[in-house]
Each structure stands twice: as C-alpha cells, then as structure tokens.
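Work through the exercises below with the sequence and the model open. Each task is followed by a solution in steps.

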Amino acid sequence: MENILIDIQDPVAVITINRPTKLNALNKSTIEELHQAFSSLSTNNDVKVVIVTGSGEKAFVAGADISEFANFSVEEGGKLAAKGQEILFDYVQNFNKPVIAAVNGFALGGGLELAMACHFRVASDNAKMGLPEVTLGVIPGYGGTQRLAQLVGKGRAMEMIITAGMIDANTALNYGLVNHVVEQTELLNLAKGIAEKITKNSSVAIAKAIESINAGFEDGVNGYTVEINNFGACFGTEDFKEGTTAFLEKRKANFPGK
Ligand code: COA
C-alpha cells in the first residue's frame with residue numbers, strides 16, 4: 001500500500017491514511033487502497049475492531065483530492081461520487097466489524113464523510129470538522145448531505161453545509177457528531193480502549209446490531225423487521241449459547257465468534 005498504513009495488533013487493526021504532505025486528502029488510489037484494506041480485514045478472523053485515523057498532527061483527512069477532479073465533466077463527477085460511495089463510504093458503513101474514526105485534526109469534505117461513514121467517532125481537541133464543498137462550487141458527494149443530517153439534525157447540517165463553516169471538536173461533541181474529545185496524544189489510546197471493550201463482546205451479535213441500526217436509515221427497509229429477524233438469528237449462534245451459559249454459570253463469556 002502506498003497511501004495507507006495498516007497496523008494489526010490482534011484483535012484491533014489501525015488504518016492510518018498516510019499522505020501528510022497533502023493533509024491525507026483522498027485521491028483515487030487511496031480510496032482503492034482503503035477498500036482493499038477493509039475487504040481483507042473483513043475476512044481476517046483475528047481482527048474484531050478497526051480504527052481509522054490520519055497521519056501527522058494536523059489532519060485526519062482534508063477532503064477528496066481536489067486536484068484529481070478539477071477538470072471533470074458532469075458524467076465523470078457523478079461516477080466519482082457513485083464509485084466512492086460504493087467501494088468506501090457505504091462499504092465502511094455496512095462493514096461487519098465496528099469501525100471507529102479517530103479524528104486527529106482537520107476532517108473536511110470527504111474526510112468528514114469518511115468519519116461519518118464509520119460507526120462512531122472520537123476526536124482530539126484540535127480537530128476541526130466541516131463540509132466546505134460549496135466553496136468549490138460543488139456539494140458533498142460521498143454521503144455527506146445524508147449522514148450529517150442523520151447525525152446532527154437537519155437544521156445544523158443545513159447550516160454547516162450551506163455556510164461551509166468548520167466546527168471545533170467541542171461543538172462536534174455538543175452536536176453528537178463525535179462521542180468523546182481528548183488531547184491529541186491520548187486519542188489513539190482512547191480509541192483502543194473502547195475497541196478493547198468491544199472485543200470482549202460477541203462479534204456475531206455486534207455484526208447483527210450494526211446491520212439492524214443501519215437498517216433504520218435505509219429507504220424501503222423496516223428497521224424493526226430487520227431487528228426481529230436478526231434477534232431470532234442470534235438464538236442459533238454458538239456465541240448466544242456461550243453468552244447465556246456463562247451468565248448462568250457466573251463466569252465471563254469466551255465467545256467463539258460463530
Ligand atoms: N485536495 C488536494 N490537496 C489538498 C487538499 C485537498 N482536499 N487539502 C489540502 N491539500 C494540500 C494543499 O494543496 C497543500 O499542498 P501543497 O503543499 O502541494 O500546495 C497541502 O495539502 C497543505 O495544505 P495547505 O492548504 O497548505 O495547508 P493550510 O494549513 O494552509 O490549510 C486547510 C489547511 C485544510 C484549511 C486547507 O488545506 C484546505 O482548505 N483544504 C481543502 C479543504 C476542502 O475544501 N476539502 C473539501 C474537498 S471536496
């Protein structure tokens with residue numbers, strides 16, 4: 001991989017977007033590498049949680065790489081958004097293992113969209129977040145108009161997108177856009193600490209919980225029905241047998257992840 005680093009310390013994988021001289025902007029090859037990384041982590045049974053962060057102290061990701069699409073046609077622009085949503089942003093949202101964004105600086109445009117596609121976000125106190133696309137004469141195209149409104153509410157999303165303004169980490173915390181804010185030096189420890197708690201739980205149940213929560217935000221899908229079906233399916237898993245048996249035997253569960 002040229003643009004990302006992957007550090008797997010079982011059972012947590014940290015993906016670092018590593019183009020610091022371009023503030024980790026997402027060019028085409030970075031998006032493709034991220035897809036490959038997620039794709040291989042999805043079948044790696046040793047990995048239970050993924051953390052995504054940016055290299056350096058300044059940026060998580062400062063957006064899609066503007067230099068790559070500056071001369072695009074209408075058709076090319078549409079394809080850029082569709083392909084990116086399919087192979088990265090929707091892919092991460094629907095990933096079968098929890099994905100935590102550790103927002104360590106600027107998360108702008110596609111960078112904030114990537115953080116929002118993750119299952120939840122933590123941030124360092126220097127982080128700045130925004131969707132500044134309208135300053136370029138374009139709109140967010142990697143799901144930003146949808147996910148920001150889902151996460152912070154329609155009015156706040158409207159204001160952020162239309163003014164193109166950036167919010168700081170504490171405002172993002174207040175908006176519910178990030179779950180925790182810490183000093184930058186503590187950010188990865190915080191994310192890893194949360195990841196460790198997650199790894200103690202049933203990975204099969206977690207995958208079904210992610211799918212059920214996401215279902216409520218999909219058009220034409222009844223989230224309650226998905227929940228009922230996934231709830232039922234849990235009863236057929238080894239994890240369920242282990243979890244309930246361990247509780248009744250007053251011991252900690254040791255989930256097989258099946
Ligand atoms: N695409 C391509 N390159 C980018 C980029 C992006 N989204 N964001 C930053 N860069 C590059 C800059 O062009 C510069 O490259 P250079 O040194 O070769 O000229 C380098 O990263 C450093 O950025 P710079 O602008 O010099 O840093 P800064 O501290 O002055 O400003 C930002 C930081 C984040 C405010 C500023 O880089 C910025 O506004 N970036 C674009 C944000 C954006 O509009 N994102 C949405 C894209 S859809």
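A polar contact is a pair of N or O atoms within 3.5 Å; within protein, one must be able to donate a hydrogen and the other to accept it, and residues adjacent in sequence count only if both atoms are side-chain atoms. The model is predicted: local features need pLDDT of at least 70, side-chain atom pairs count only at pLDDT 80 or more, and totals for chains, interfaces and linings use all residues. Residues are numbered from 1 along each chain as its sequence is written, and side-chain values use heavy atoms, with hydrogens and water left out.

**Exercise 1.** Locate the domains of the protein chain and describe the contact between domain 1 and domain 2.

*Solution.* 

Step 1. The domain assignment (automatic or from a database) places domain 1 at 4–199 and domain 2 at 203–248. Their C-alpha centres are 26 Å apart. To the contact (heavy atoms within 4.5 Å), domain 1 contributes 10 residues and domain 2 contributes 6.

Step 2. Buried area is the accessible area (1.4 Å probe) that two parts lose on being put together, summed over both. Between domain 1 and domain 2 it comes to about 580 Å², with 62% from carbon and sulfur atoms. On the side of domain 1, Q93, N96 and Q150 supply 47% of the area buried against domain 2, more than any other three residues.

Step 3. Search the interface of domain 1 and domain 2 for paired groups. The rule finds 1 residue pair in polar contact, both residues at pLDDT 80 or more. It finds 0 salt bridges, a salt bridge being a side-chain nitrogen of Lys or Arg within 4 Å of a carboxyl oxygen of Asp or Glu.

**Exercise 2.** Find the cis peptide bond that involves P11 and place P11 in the chain.

*Solution.* 

Step 1. The bond joins D10 and P11, with omega at about 0 degrees.

Step 2. P11 sits in the loop between β1 (4–9) and β2 (12–17). Strands (E, at least two residues) and helices (H or I, at least four) are DSSP runs, numbered from the N terminus.
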